[in-house]
Amino acid sequence: MNEPLVVSNNPQIDKVDIYVEGGFLDVLIRCRDLVYLGHRLLVHPLFASIRMIYSPLRTLMLSRETFSHKENQDSEILIADAIEKYQRTMGQRKEDRIHFDDYAKVDKSLHEQAIRELGCSV
């Protein structure tokens, strides 16, 4: 597999192609913009655990190559739905910055697992 495009706001991630200043939502929005340019999501944009949605950190991987709108509709729908679900779930809540280091470690661990599952050497 080609090396993925890594988008993150986690300072613990070693190799980041696009570092996003801001929170979880900012990473989702930056990835949405890349998906609309044709990059395909390689990992799900939201965590499986509802508790992790309070994390201020997120690392996502997208394809480096681009695809046509028709070929990339699944990623376009997925990222748009993720942003909507994130905003609805968070409502007026704030990100949990008290446990920043713990969230950074979990995000890094999940990123490393995704790399292994995708067969990448990032």
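A: Arg51 is partly exposed, with a relative accessible area of 41%; on this scale buried means under 20%, exposed over 50%, and partly exposed anything in between (1.4 Å probe, protein chains only). Before going on, note that this is a predicted model, where local features need pLDDT of at least 70 and side-chain atom pairs count only at pLDDT 80 or more, while totals for chains, interfaces and linings use all residues. Residues are numbered from 1 along each chain as its sequence is written, and side-chain values use heavy atoms, with hydrogens and water left out.

Back to Arg51: its salt-bridge partner is Asp96, and their closest N and O atoms are 2.9 Å apart. Asp96 sits in the loop between H2 and H3 and Arg51 in the loop between E3 and E4, so the pair ties together parts 45 residues apart in sequence. Helices (H or I, at least four residues) and strands (E, at least two) are DSSP runs, numbered from the N terminus. Asp96 counts as buried, at 12% relative accessibility.

A salt bridge here is a side-chain nitrogen of Lys or Arg within 4 Å of a carboxyl oxygen of Asp or Glu, and that rule gives six of them. Side chains of opposite charge can pair when their charged atoms come close.

Another one joins Asp107 and Arg58, at 3.8 Å from N to O. This pair also links distant parts of the chain, with Asp107 in helix H3 and Arg58 in the loop between E3 and E4, 49 residues apart. Both Asp107 and Arg58 are buried.

Who else is around that pair? Phe47 is in contact (heavy atoms within 4.5 Å) with both Arg58 and Asp107, and its other partners include Phe24, Met52 and Leu110, leaving aside neighbours within four places in sequence. Phe47 lies in the loop between strand E3 (39-41) and E4, and it is buried, with a relative accessible area of 13%. Arg58 also turns up among the contacts of Val7, along with residues such as Cys31 and Leu62, again leaving aside neighbours within four places.

Then there's the salt bridge between Arg97 and Glu95, with N and O 3.4 Å apart. Arg97 is partly exposed at 47% relative accessible area, and Glu95 falls in that class too, at 23%.
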